[in-house]
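Take a look at the chain below. We will walk through its sheets, its cores and one of its pockets.

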Amino acid sequence: MAGSITSDRAPAVEGRRAGPLIVTEDAELLDDLLRLCAAAGAHPEVYHSVPERGTCWETAPLVLVGDDAAARCRGAARRRGVLLVGHDQDDPGVWRRAVEIGADCVLRLPDAESWLVDRIADVVEGAGRQALTVGVIGGRGGAGASTLACALALTAARDGRRTMLVDGDPLGGGLDVLLGGEQAEGLRWPDLAASKGRVAGGALEESLPSLRGLRVLSWDRGDAVTIRPEAMRSVLAAARRRGGVVVVDLPRRVDDATAEALAQLDLGLLVVPAELRAVAGAKRVASMVGMVLRDLRVVVRGPYAAGVDDRWIAEVLGLPLVGELPLEPSLLADLDAGAPPGDSARGPLGRFCAAFWERALAGESAS
């Protein structure tokens, strides 16, 4: 017999994976499992006993069998992804029942709630390749990190890749402003800065402003908010699980939240103006960032001071050289006209970003 929400069949919604199957008649346990599914962004189907052969028992990405329903599931086809769930911490017969139904493991609530939410979210969101995650950091103030981050994200989105742009600098003025979307509806960092635990990737993506083909997590116009390290970890992990590319604009100071972001990057780009003072400042930034991020590369921005070139700067910093960030003479005029950095695929900045993604994504495929 099916429960009251069996009509909510996730496969009928294009682009959304099937949710878990719940088998139980225990009302208290069902309430807990529905709550955990909601936390993971999942849409389950509920049955009181094993569904008919050839239905969702075989096809559901995860099956949660209540302790009360174990006896009714003994004859079900053996499959992976069956979990036996209950509340009784001291039941000596639980392992025997788990073996009888071929369960992968036994879970006891509330102790296993956090693990179970993670497991549900993983199967609902899929286990595909995580997003290539690139952080952009300025070697000094005004180096052009936000400009490059915005252009990289726009270029990736223009090429048809699922793209998320994350503004990790509360003092940067807001990347949504740079994209002309400060009035766009959606969540900002103050709505997420105190988050704890798992954040569902699909729910995060759908809640953020959609600007020029990409999703943007930026700041509102209120007072600066401190991002909890746990929130940065959860939000970026959720963004990465959606695949595609994630671009993170980071501050030069490495606080606990920034360290969490650095730990999730695949590579970082340090933007350094070609002048001696900027190189000296960038060396200190590189030293701090390098304690967390193993793959940090340098992008040099002209004009060049006398006796300075891009290769010399990379050698002084001890970092691989990505290249020279090209000057775009029309950048300020374009911004005044509402066109963000990298908006034109044929401009110098757009071409630079396209070449970067071609190399970076080719390296990811090779790995």
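**A walk through the fold**

Start with an open sheet of 8 strands, in the order 8-9-7-10-6-11-12-13, with mixed pairing. Strand 8 (210-211) and strand 13 (321-325) are at the edges with a single partner strand each, so one side of each has no neighbour in the sheet. Strands here are DSSP runs of E with at least two residues, helices are runs of H or I with at least four, and both are numbered from the N terminus. Two strands pair if DSSP finds at least two bridges between them.

This is a predicted model, where local features need pLDDT of at least 70 and side-chain atom pairs count only at pLDDT 80 or more, while totals for chains, interfaces and linings use all residues. Residues are numbered from 1 along each chain as its sequence is written, and side-chain values use heavy atoms, with hydrogens and water left out.

Strand 6 (residues 132-138) pairs with strand 10 in the parallel sense, over 6 bridges. Thr133 has Val246 of strand 10 as its bridge partner.

Now find strand 4 (residues 82-86). Is it buried or exposed? It is mostly covered, with 5 of its 5 residues buried. Buried means under 20% relative accessible area, exposed means over 50%, and partly exposed lies in between (1.4 Å probe, protein chains only). In a regular strand, side chains alternate between the two faces of the sheet. In strand 4, Val82, Leu84 and Gly86 point one way, and Leu83 and Val85 point the other way. Strand 4 pairs in the parallel sense with strand 3 (residues 63-66), over 4 bridges. Here Leu64 stands opposite Leu83. Strand 4 also pairs in the parallel sense with strand 5 (residues 105-108), over 4 bridges. There, Val85 has Leu107 as its bridge partner.

Next come the cores. A nonpolar core is a set of buried Ala, Val, Leu, Ile, Met, Phe, Trp, Tyr and Cys residues joined through side-chain atoms within 4.5 Å. The largest one has 42 residues, and Trp189, Leu204, Leu270 and Leu317 touch the most other members. Helix 9 (residues 229-241) gives the largest share of this core, 6 residues. A second, separate core has 35 residues, including Ala145, Ala149, Leu214 and Val322.

Then look at the second largest pocket. Its volume is about 280 Å³. It has 17 lining residues, and the closest to its centre are Gly141, Gly142, Asp169, Leu250 and Arg252. Helix 5 (145-158) and strand 10 (245-250) each give two or more residues to the lining. Helix 5 gives the most, with 3 residues. A pocket is an open set of points on a 1 Å grid over the protein atoms alone, where a 1.4 Å probe fits, with protein on both sides within 12 Å along at least five of seven lines; lining residues have an atom within 4 Å of a point. Points are joined across faces, edges and corners, and the volume is the space filled by probe spheres set on them.

Finish with the backbone. Most residues other than glycine have a negative phi, and most peptide bonds are trans. The bond from Leu109 to Pro110 is cis, with omega near 10 degrees. Pro110 sits in the loop between strand 5 and helix 4 (113-125). The bond from Gly302 to Pro303 is also cis, with omega near 5 degrees. Arg212 is not a glycine, yet has a positive phi of about 55 degrees. Arg212 lies in the loop between strand 8 and strand 9 (214-217).
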